[in-house]
Amino acid sequence: MKKTAFLNDEWCYWHSTGLYAGILPVGSWVQVPSGASHAESPETKRRLRNLLDVSGLLKQMESLSAEAATDEDLLRIHPQHYLDEFKKVSDAGGGAFGIEAPIGPGSYEIAKLSAGLACAAVEKVYTGEFQNAYSLSRPPGHHCLPDQAMGFCFLANIPVAIERAKAKFGLGKVVVIDWDVHHGNGTQHIYYDRDDVLSISLHQDKCFPPGYSGDTDRGEGKGEGYNINIPLYAGCGHEAYLYAFENIVIPAIDQFKPEMIIVACGYDANGLDPLARMLLHSDSFREMTRLTKQAAEKHCDGKLVIVHEGGYAESYVPFCGLAVVEELTGHKTSVEDPCKDLINEQEQAEAFQNFQKQRIDELTEYFGFK
Ligand code: ZN
């Protein structure tokens, strides 16, 4: 019996952002990027799946697709008028939709499928069919607000999945750890006044949404204290992230005692990403997964779901994702990360600097974990 489910579907690669590219304001001064050159292209995800395949790791998991999220699922988070508008633009062949959120033909249906994969992952783990799961969702979801697409996200995949499991099975307390390098603003917004979902975001300070740090945004009403933002300075690497994990993320989970842990797993904090300035490598993602899995074993019978978010270095995301899946399944492949030394050398030059450590120490104290 395989213990890890891998949710994926060919359609997810067909969501097109390239037709409405223009991520960089090149104007008329340099050649316009070729068709598929939007940062959020299918390549990072397809290549991850390909690496899982050729490394033999895919065989260690149950590879499955799922039904698209239903209107009932989506309406728990998104208002009808937003879904109607999304479908209208998608049916018309796509275009600019929301803030930095271009879509192509069929994106509405593909986004529903992407959310459906996350729903199935949560369901299969919560009901005990699988120990843990990886959902290769695309388009991603963590920036999406109930009525506003943004940052390449159109449906709030993880909240849609959580709310479905709550409605269907009575899922209780959930921790969402968002280690995408950009702030998990959608998840924060949706759960800001609730105490049943602890939202923790580690992100590059002031990166996206532009200028946002969020360390003093702790939730409101019943949700006060159930929202944790860990804005890290640009240039943080392996040691800084693990230090933040050990001092804030893990103690927060220990205090909250969840029934399930879900990771909004972006890979854009890696040292080769074009949309951020952090210095993680594959072993950093491996270690964060190991610590998260350990916490899940301690509190919730190992119930852990990883949902793919950002990550834009086409040739490097696959190695970071492979490390996550190796930890998830407990199977090590013979694949070696060809870029780790390169990133490590940069990081040694930077090291874990005092001002970075001081920032995390201040946050640890502010959150009351010291
Ligand atoms: Zn991101």
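Predicted model: local features only at pLDDT ≥ 70, side-chain atom pairs only at ≥ 80, totals over all residues.

Student: What is the geometry of the zinc ion's site?

Tutor: Irregular, with angles of 52 to 156 degrees among the four donor atoms. Residues are numbered from 1 along each chain as its sequence is written, and side-chain values use heavy atoms, without hydrogens and water.

Student: Which protein donors does the zinc ion have?

Tutor: Asp180 (OD), Asp180 (OD), His182 (ND1) and Asp268 (OD), at 2.0 to 2.8 Å from the zinc ion. Donors are N, O and S atoms within 2.8 Å of the metal (3.2 Å for Na, K and Ca); water is not among the atoms, so sites may look incomplete.

Student: How are those residues spaced in sequence?

Tutor: As D-x1-H-x85-D. Aspartate 180 and aspartate 268 are 88 residues apart and link distant parts of the chain. Aspartate 180 sits in the loop between strand E6 (174–178) and helix H6 (185–191), and aspartate 268 in the loop between strand E9 (260–265) and helix H8 (282–300). Helices (H or I, at least four residues) and strands (E, at least two) are DSSP runs, numbered from the N terminus.

Student: Now helix packing. At what angle do H4 and H5 cross?

Tutor: Roughly 45 degrees, and the axes of H4 (residues 107–126) and H5 (residues 157–169) come within 8 Å. That makes H4 oblique to H5. Under 35 degrees is roughly parallel, over 145 roughly antiparallel, 65 to 115 roughly perpendicular, and the rest oblique. Axes are lines fitted to C-alpha atoms, for helices over the stretch in contact, with angles from 0 to 180 degrees between N-to-C directions.

Student: Which residues of H4 and H5 meet?

Tutor: On H4 they include Ala111, Ala115, Ala118, Val122 and Tyr126, and on H5 they include Val160, Ala161, Arg164 and Phe169. Contact means heavy atoms within 4.5 Å. The residues divide into eleven nonpolar, two polar and three charged. Nonpolar is Ala, Val, Leu, Ile, Met, Phe, Trp, Tyr, Cys and Pro, charged is Asp, Glu, Lys and Arg, and the others, Gly among them, are polar.

Student: And H7 with H11, what angle there?

Tutor: About 15 degrees, with the axes of H7 (residues 238–256) and H11 (residues 354–366) 10 Å apart. H7 and H11 are therefore roughly parallel to each other. Ala240, Tyr243, Ala244, Asn247 and Ile248 in H7 meet Lys357, Ile360, Asp361, Leu363 and Thr364 in H11. By class, that is six nonpolar, two polar and two charged residues.

Student: How far apart are the axes of H1 and H9?

Tutor: 8 Å, and H1 (residues 43–54) packs on H9 (residues 317–329) at about 50 degrees. H1 and H9 are therefore oblique to each other. Thr44, Arg47, Leu48, Leu51 and Leu52 of H1 contact Val317, Pro318, Phe319, Gly321, Leu322 and Val325 of H9. The classes are eight nonpolar, two polar and one charged.

Student: Last topic, backbone. Is the bond from arginine 138 to proline 139 cis or trans?

Tutor: Cis, with omega about 5 degrees. Proline 139 is in the loop between strand E5 (132–135) and H5. The bond from phenylalanine 208 to proline 209 is also cis, with omega near -5 degrees, and proline 209 lies in the loop between strand E7 (197–204) and strand E8 (227–232).

Student: What about phi at lysine 257?

Tutor: Positive, about 55 degrees, although lysine 257 is not a glycine. Lysine 257 is in the loop between H7 and E9. Most residues other than glycine have a negative phi.

Technical notes:
Tetrahedral: all angles 85-135°; square planar, octahedral: opposite > 155°, others 65-115°.
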